[in-house]
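The sequence and the model are shown first.

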Amino acid sequence: MKIDGVFSGGGVKAFAYIGVLDSLQENNLQLERVAGTSAGAIIASLVAAGFELEEIQGLVEKLRLTQFVDPPIVTKYLPFTKWLFLYTMLGINKGDKMEEWLTIQLARKNIHTFHDIKPGYLKVVVSDLSLGKLIVIPDDLEKVYGIQPEYFPVAKAVRMSAGFPFFFMPKKLPGLYKKKSVMVDGGLLSNFPLWIFDNESEKKQRPLLGVKLTDGINEDIGPRDIKNALDMFQALFSTMKQAHDSRYIAKNQMQNIMIVPVKDTESTDFGISNEKKAALIQSGKDYAAAFLKHWST
């Protein structure tokens with residue numbers, strides 16, 4: 001059976017998605033339209049490009065996340081300069097290696113720009129800090145920036161969505177205004193864009209499944225204890241990531257949301273071990289299998 005899928009962000013925790021895809025295949029569920037934020041956008045792009053599960057598993061086995069850690073070379077000789085880049089370039093790593101890797105992988109399936117993907121079958125969420133807008137690529141490219149979506153590189157859109165603030169330097173996008181927009185991780189404004197395929201004027205064609213990575217089965221952690229500026233920053237960031245999506249999800253059917261707990265893994269732990277990868281993949285498969293056993297489409 002064909003379904004649509006939405007994948008939340010989660011950084012390196014997204015290895016769990018490999019297990020989820022495995023369970024979907026075992027249950028004869030085929031993803032059609034897909035959307036995602038941050039790491040979820042990476043998975044969505046590979047699915048939209050036509051990669052089979054076995055191919056994605058092969059990519060994961062070969063992938064070393066440390067190759068995406070690409071600070072300017074001068075920081076190797078003058079370590080203190082990374083703080084200068086953080087201040088002036090708004091991030092420590094360039095993010096070019098990630099975009100290059102995505103470009104190479106997608107090209108294997110002849111996917112370069114959104115022209116190469118069936119219209120509406122891939123949506124990527126990005127945060128535009130300059131305009132204060134939540135952006136869906138390719139949908140918003142023309143009306144917000146005057147950019148023809150069919151010429152926009154898929155790898156560039158996903159790199160923008162996965163641009164974790166301060167860890168990666170933001171990408172900049174020219175548009176209808178004099179100044180370029182600063183584009184960062186889509187998770188800042190919508191980490192779980194379950195709303196993205198909503199269109200009340202169209203009859204629902206397929207069941208929609210949302211897959212959400214969490215730090216635990218119950219995310220309601222109660223009031224935060226804010227004692228200093230760092231606590232406040234973390235609370236602000238966490239609130240911005242969850243508030244929009246929580247408001248939407250509260251109005252919708254929870255039975256279509258698969259919760260995959262991924263504890264004890266930092267989103268930017270790019271030095272993650274093979275053992276931890278395997279554990280995340282197995283966890284994703286186990287939770288997906290348990291969910292799908294009772295999922296009514």
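## The largest cavity

Helix α2 supplies the largest share of the lining of the largest cavity, namely four residues. Helices (H or I, at least four residues) and strands (E, at least two) are DSSP runs, numbered from the N terminus. The model is predicted: local features need pLDDT of at least 70 and side-chain atom pairs count only at pLDDT 80 or more, while totals for chains, interfaces and linings use all residues. Residues are numbered from 1 along each chain as its sequence is written, and side-chain values use heavy atoms, with hydrogens and water left out.

A cavity is a set of points, on a 1 Å grid over the protein atoms alone, where a 1.4 Å probe fits but cannot get out; lining residues have an atom within 4 Å of a point. Grid points are joined across faces, edges and corners, and a volume is the space filled by probe spheres set on the points. By this rule there is one cavity of 30 Å³ or more. The largest cavity holds about 400 Å³ of space. It is lined by 26 residues, of which Gly11, Ala14, Ala39, Ile42 and Leu65 are the closest to its centre. Two or more lining residues come from each of α2 (39–48), α3 (53–62), α6 (96–107) and β6 (166–168). By class, the lining has 21 nonpolar, four polar and one charged residues. Here Ala, Val, Leu, Ile, Met, Phe, Trp, Tyr, Cys and Pro count as nonpolar, Asp, Glu, Lys and Arg as charged, and the others, Gly among them, as polar.

## Contacts of helix α1

Helix α1 (residues 16–26) packs against α2 at an angle of about 40 degrees, with the axes 11 Å apart. The two helices are therefore oblique; angles under 35 degrees count as roughly parallel, over 145 as roughly antiparallel, 65 to 115 as roughly perpendicular and the rest as oblique. Axes are lines fitted to C-alpha atoms, for helices over the stretch in contact, and angles run from 0 to 180 degrees between N-to-C directions. Tyr17, Ile18 and Leu21 of α1 meet Gly40, Ile43 and Val47 of α2, contact meaning heavy atoms within 4.5 Å. This contact has five nonpolar, one polar and no charged residues.

The axes of α1 and helix α10 (residues 274–292) come within 6 Å and cross at roughly 40 degrees, so α1 and α10 are also oblique to each other. Among the contacting residues are Ile18, Gly19 and Asp22 of α1 and Ile281, Gly284 and Lys285 of α10. By class, nine nonpolar, three polar and three charged residues take part in the contact of α1 with α10.

## Helices α6 and α8

Helix α8 (residues 154–161) packs with α6 at an angle of about 140 degrees, the axes being 9 Å apart. The pair is therefore oblique. Met98, Glu99, Leu102, Thr103 and Leu106 in α6 meet Val154, Ala155, Lys156, Val158 and Arg159 in α8. Six nonpolar, one polar and three charged residues make up this contact.

## Backbone features

The peptide bond from isoleucine 137 to proline 138 is cis, with omega near 15 degrees. Proline 138 lies in the loop between β5 (133–137) and α7 (141–145).

Serine 38 has a positive phi of about 55 degrees, although it is not a glycine. Serine 38 is located in the loop between β2 (30–37) and α2.

Definitions and conventions: 1 Å grid on protein atoms, 1.4 Å probe; cavity = no way out; pocket = protein on both sides within 12 Å on 5 of 7 lines; lining within 4 Å.
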